[in-house]
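Have a look at the model first.

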Amino acid sequence: MQFNLDDVGAMRQMDPGGMTDLIVGLPEQLKEAYDIGLKAEIPAEFSQVKNVVISGLGGSAIGGDLLRSLTIGESKVPISVNRDYDIPAYVGPDTLFIASSYSGNTEETLQAFDLAVKAGARVLCISSGGKLTERATQLGIPVVKIPGGPAPRAALGYSFIPLLVIMRRLGIVHDHPGDISEMLSVVTGLREVLGPESPESVNQAKQLARKMHGRLPIIYGTEGYKAVVAQRWKGQINENSKAPAYWNVYPELDHNEIVGWKTNRELLSKMYVINLRDNAESAKMQKRIEVTSEVIGRYAAGVEHVWAIGKSALARLFSLVYIGDFASLYLALLNCEDPLPVESISYLKQQLAQVKE
């Protein structure tokens with residue numbers, strides 16, 4: 001018997017950790033994160049840098065990816081994201097190095113932080129506490145304090161919006177007056193139509209979850225912020241839904257992956273493709289996606305187009321994020337899984353803690 005996605009009571013019982021509430025609360029989180037970014041005490045000399053490196057893992061790194069992808073056409077200096085124990089060789093006195101760790105205890109980020117300090121970089125931390133905050137405080141390094149909680153992936157607003165606001169305040173990227181308020185309006189409106197009380201008959205996220213259930217979701221985005229959001233969808237399906245998923249990016253996938261949609265037809269017939277779309281796409285990109293979908297549609301279980309909502313790029317970005325977050329929640333319920341725990345990650349961390357350097 002399939003789970004009834006309109007049974008809100010049963011949904012709450014299957015989600016004892018409260019992932020539903022965390023996703024529903026995104027608009028309030030975004031507003032609080034904006035205020036945190038505005039009030040953060042940032043040294044003025046941080047604006048005089050030649051590159052920005054954001055170091056983090058998982059949910060703490062996605063915020064850096066979104067910043068880089070959203071501002072790549074306007075940033076005055078290169079912005080890169082580091083997901084490693086080590087740091088790039090170019091990190092030095094002309095680098096603004098931002099160590100982002102939701103818990104403050106991510107071992108890769110802690111080591112990268114130490115190396116950046118040693119390299120003489122201008123260092124800033126974003127964290128809810130932990131060892132990172134302790135080390136930074138001891139060294140007099142500024143920390144942007146964000147609220148703690150049970151899951152970094154449910155804190156995307158805290159890992160991204162303060163970054164964006166700080167970069168705007170420093171003049172490293174352009175300000176876009178009004179886009180924050182529009183983004184808040186868009187996600188608040190989406191909550192009404194995607195939330196648990198909205199019936200499946202009119203709820204896009206519930207419908208998407210139903211289509212992905214029992215299949216392998218393939219999420220495609222185009223270069224820019226939609227590529228990062230495609231990666232976000234993949235990660236949310238992995239962690240919330242406890243299911244495999246895959247993501248790739250136009251136009252690169254049309255130079256290789258499109259050819260792979262031919263053999264192993266039984267396997268391909270179990271894949272469900274979702275294209276993340278934006279009305280700002282060029283005519284060439286629109287045609288590319290149209291033709292690719294035609295080719296893939298001969299073999300896949302289905303091809304879906306999910307369109308961004310909003311005028312500003314920031315609003316469109318978060319509209320796609322929010323649809324994916326809700327879809328992954330509902331897919332978890334269809335899979336009879338508690339969306340909050342990530343037991344495999346916890347087990348891996350326990351095993352790594354036993355390794356002596």
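Tyr250 is buried, at a relative accessible area of 1% (buried means under 20% relative accessible area, exposed over 50%, partly exposed in between, with a 1.4 Å probe and protein chains only). This is a predicted model, where local features need pLDDT of at least 70, side-chain atom pairs count only at pLDDT 80 or more, and totals for chains, interfaces and linings use all residues. Residues are numbered from 1 along each chain as its sequence is written, and side-chain values use heavy atoms, leaving out hydrogens and water.

Now the rings. Rings of Phe, Tyr and Trp (its six-membered ring) pair if their centres lie within 6.5 Å; planes under 30 degrees apart are stacked, over 60 edge-to-face, the rest tilted. That rule gives four aromatic pairs, two of them tabulated here:

| Pair | Centre to centre | Plane angle | Type |
|---|---|---|---|
| Phe160 and Phe318 | 5.9 Å | 35° | tilted |
| Tyr220 and Tyr250 | 5.6 Å | 75° | edge-to-face |

Phe160 sits in helix 7 (residues 156–169) and Phe318 in helix 14 (residues 313–334), 158 residues apart; helices (H or I, at least four residues) and strands (E, at least two) are DSSP runs, numbered from the N terminus. Phe160 is buried at 0% relative accessibility, and Phe318 is buried at 0% too. Tyr220 belongs to strand 6 (residues 216–222) and Tyr250 to strand 7 (residues 246–250). Ring pairs also join Tyr322, Phe326 and Tyr330 into a cluster.

On to helix 5: Thr109, Leu110, Ala112, Phe113 and Ala116 are buried there. Seen down the axis, the buried residues of helix 5 fall within an arc of 165°, so they line one face (the arc is that of directions from the helix axis to the C-beta atoms).
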